[in-house]
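Please open the model in your viewer and keep the selection tool at hand.

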Amino acid sequence: MSASSNAPQLQLLGPGHAPALLAFEKANRAFFAASVPDRGDAYFRDFAARHGALLAEQAEGVCYFHVLVDDAGDVLGRVNLVDVTDGSAELGYRIAERATGRGLATRAVRQVCDLAGTAYGLTGLRAATTFDNPGSRAVLHRVGFLPAGDIRLDGRPGTRYTLAL
C-alpha cells in the first residue's frame with residue numbers, strides 16, 4: 001500500500017512521534033519561515049528536550065499537540081492548542097509544503113476544533129495570522145473562525161480570530 005492510499009490521520013502527539021516530527025520541521029524550515037517566525041537553531045539542536053517538555057505540558061492539560069501522519073509514519077502537519085485556560089486555547093497549525101493545497105489543513109483544524117469542544121471541554125478558541133498568509137486565513141474562515149480585530153505578529157500586520165465551540 002502506498003503512503004498516499006489512505007487519508008492522513010490526526011494523532012495526539014506522543015514520544016514515538018519525535019523522529020518524524022523533527023524530520024518534518026527540518027524539511028519545511030525554510031517554507032515555514034516565509035510565513036511564520038523561524039524556530040531558530042536552538043529548537044533543532046535541543047529538539048529532544050523540547051519534545052519532552054511539550055509532552056509534559058500536554059500531560060498537565062495546558063496544551064494539546066497533534067500531528068497529521070500518513071501511512072508511512074511521516075508527519076504532514078501539526079495542529080496545536082496552547083495556553084489552555086478558562087475554557088479556551090490558542091490554535092496554531094502548519095502543513096508540510098509538499099502537502100499543501102489538498103485540504104489537509106482545513107480537515108485537521110476542523111478535527112482539532114471538534115476535539116477541543118468534546119474531549120478537552122473547551123468553549124472557545126483563538127487564532128491569529130498575518131495578512132500575507134492567505135492560506136491560513138482561508139482555513140480559519142472555512143472552519144468558522146470570525147475576525148476579532150487587527151494585530152501585529154512579529155511586526156507584520158494581521159488579524160486575530162475567535163471561534164465559539
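Leaving aside neighbours within four places in sequence, with which residues is Val 109 in contact? Select Val 109 together with Val 79, Leu 91, Tyr 93, Val 139 and Val 143: these are its contacts beyond four places in sequence, a contact being heavy atoms within 4.5 Å. The model is a predicted one, in which local features need pLDDT of at least 70 and side-chain atom pairs count only at pLDDT 80 or more, whereas totals for chains, interfaces and linings use all residues. Residues are numbered from 1 along each chain as its sequence is written, and side-chain values use heavy atoms, with hydrogens and water left out.

Buried means under 20% relative accessible area, exposed over 50%, and partly exposed in between, with a 1.4 Å probe and protein chains only. Helices (H or I, at least four residues) and strands (E, at least two) are DSSP runs, numbered from the N terminus.

Next, select Ala 105, which is also placed in helix H5. Ala 105 counts as buried because its relative accessibility is 15%. Not counting residues up to four places away in sequence, Ala 105 touches Ile 95 and Val 139. A C-alpha to C-alpha distance drawn from Ala 105 to Val 139 gives 6.8 Å, although the two are 34 residues apart in sequence.

**The sheet**

Now display the strands. The open sheet has 7 strands in the order S1-S2-S3-S4-S5-S7-S6, with mixed pairing; two strands pair if DSSP finds at least two bridges between them. Strand S1 (9-12) and strand S6 (146-153) are the edge strands, each pairing on one side only. Neighbouring strands are turned by 25° against each other on average, direction ignored. Axes here are lines fitted to C-alpha atoms, for helices over the stretch in contact, and angles run from 0 to 180 degrees between N-to-C directions.

Select strand S3 (residues 75-85) and strand S4 (residues 88-95): they run antiparallel and are joined by 7 bridges. Within this pair, Arg 78 has Arg 94 in S4 as its bridge partner. Helix H4 (residues 47-60) packs on the sheet, where it touches S1, strand S2 (64-69) and S3, and its direction makes about 120° with that of S2. Helix H6 (residues 134-143) lies across S4, strand S5 (124-130), S6 and strand S7 (156-164), running at about 155° to S5.

In strand S5, pick Arg 126. Its relative accessibility is 23%, so Arg 126 counts as partly exposed. Arg 126 and Leu 91 are 5.9 Å apart in space, C-alpha to C-alpha, and 35 residues apart in sequence. Beyond four places in sequence, the contacts of Arg 126 include Asp 83, Glu 90, Phe 145 and Arg 160.

Move on to S6, which lies largely in the open because 0 of its 8 residues are buried. S6 and S7 run antiparallel, joined by 6 bridges, and Asp 150 has Thr 159 in S7 as its bridge partner. The two strands form a hairpin with 2 residues between them, and Asp 154 in the turn has a positive phi of about 50°.

Return to helix H4 and select His 51. His 51 counts as buried because its relative accessibility is 5%. Its contacts beyond four places in sequence are Leu 13, Gly 14, Pro 15, Ala 18 and Leu 21.

Finally, display the aromatic side chains. The whole structure holds 5 aromatic pairs; rings of Phe, Tyr and Trp (its six-membered ring) pair if their centres lie within 6.5 Å, with planes under 30 degrees apart counted as stacked, over 60 as edge-to-face and the rest as tilted. Tyr 43 and Phe 44 form an edge-to-face pair, 5.1 Å centre to centre with 85° between the planes. Tyr 43 and Phe 47 are likewise edge-to-face, at 5.7 Å and 80°.
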